[in-house]
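The structure is shown first, and the points follow by topic.

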Amino acid sequence: MSSTGGPMSGEGEREDDEELRWLDEQEKAAWTGLISLVLLLPSKLESPLRQEHGLTLFEYLVLSHLSEAPQRKLRMGELAFLASGSLPRLSNVIKRCEQRDWVVRTPDPGDGRYTLAELTDAGFDIVRLAAPTHLRSVRRIVLDSLNTTDQKALARIAQKLRTVSDGFG
């Protein structure tokens, strides 16, 4: 993938690959840094949540977003977007949370085509217990290593790379 040789460097490329732009050293460093974050960071943030509260990182994010929503309710599509997950993945997590009495699903009274997820009092309690664990991990693993300029750059880059939904369903 770099211009320094190797299987992805373009050596031995065929003529039909002419328009392919190989990564230079700066691009390769950016890409490998990003992919390392994407693959390694979630498990580092999830480990304390699992150990102390029996929660996956995605479960925590779902419950946390519900805890911050007006009346602790969100449409499933909006919740999937906020938690950076697909609707099928969210449905599976919500089902597990319903079995634990942390969440209930109801039709949206404003538009019955949509389903609302609502955080119960028991769900709010688990978020309140898990939040300090998550916050400590976020600070220790991510934020404490970055100065203000780095944090702003990370936020800006994340915004540029984020997939934006046209609407919430």
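Helices here are DSSP runs of H or I with at least four residues, numbered from the N terminus. The model is a predicted one. The lining of its largest pocket draws at least two residues from each of α1 (25-53), α2 (57-68), α3 (76-82), α5 and α6 (148-161).

**Largest pocket**
- The largest pocket holds about 1800 Å³ of space.
- It is lined by 44 residues, of which Val38, Leu41, Ser84, Leu154 and Ala158 are the closest to its centre.
- Helix α1 provides the largest share of this lining, with 11 residues.
- Sorted by class, the lining of the largest pocket comprises 29 nonpolar, 9 polar and 6 charged residues.

**Helix α2**
- The 12 residues of α2 span 17 Å from the first C-alpha to the last, close to the 16 Å expected at 1.5 Å a residue.
- Because 9 of its 12 residues are buried, α2 is largely enclosed by the rest of the structure.
- Among the buried residues of α2 are Leu57, Tyr60 and Glu59, along with Phe58 and Val62.
- Leu63, Ser64, Leu66 and Ser67 of α2 are buried as well.

**His134**
- His134 lies in helix α5, which covers residues 121-141.
- His134 has 13% relative accessibility and therefore counts as buried, the cut-off being under 20%.
- Apart from neighbours within four places in sequence, the contacts of His134 are Leu49, Leu57 and Tyr60.
- Two of these contacts, Leu57 and Tyr60, are buried residues of α2.

Note on methods. Residues are numbered from 1 along each chain as its sequence is written. This is a predicted model: local features need pLDDT of at least 70, side-chain atom pairs count only at pLDDT 80 or more; totals for chains, interfaces and linings use all residues. Side-chain values use heavy atoms; hydrogens and water are left out. Buried means under 20% relative accessible area, exposed over 50%, partly exposed in between (1.4 Å probe, protein chains only). Contact means heavy atoms within 4.5 Å. On a 1 Å grid over the protein atoms alone, a cavity is a set of points where a 1.4 Å probe fits but cannot get out, and a pocket is an open set with protein on both sides within 12 Å along at least five of seven lines; lining residues have an atom within 4 Å of a point. Grid points are joined across faces, edges and corners, and a volume is the space filled by probe spheres set on the points. Ala, Val, Leu, Ile, Met, Phe, Trp, Tyr, Cys and Pro count as nonpolar, Asp, Glu, Lys and Arg as charged, and the others, Gly among them, as polar. The expected span of a helix is 1.5 Å times one less than its number of residues.
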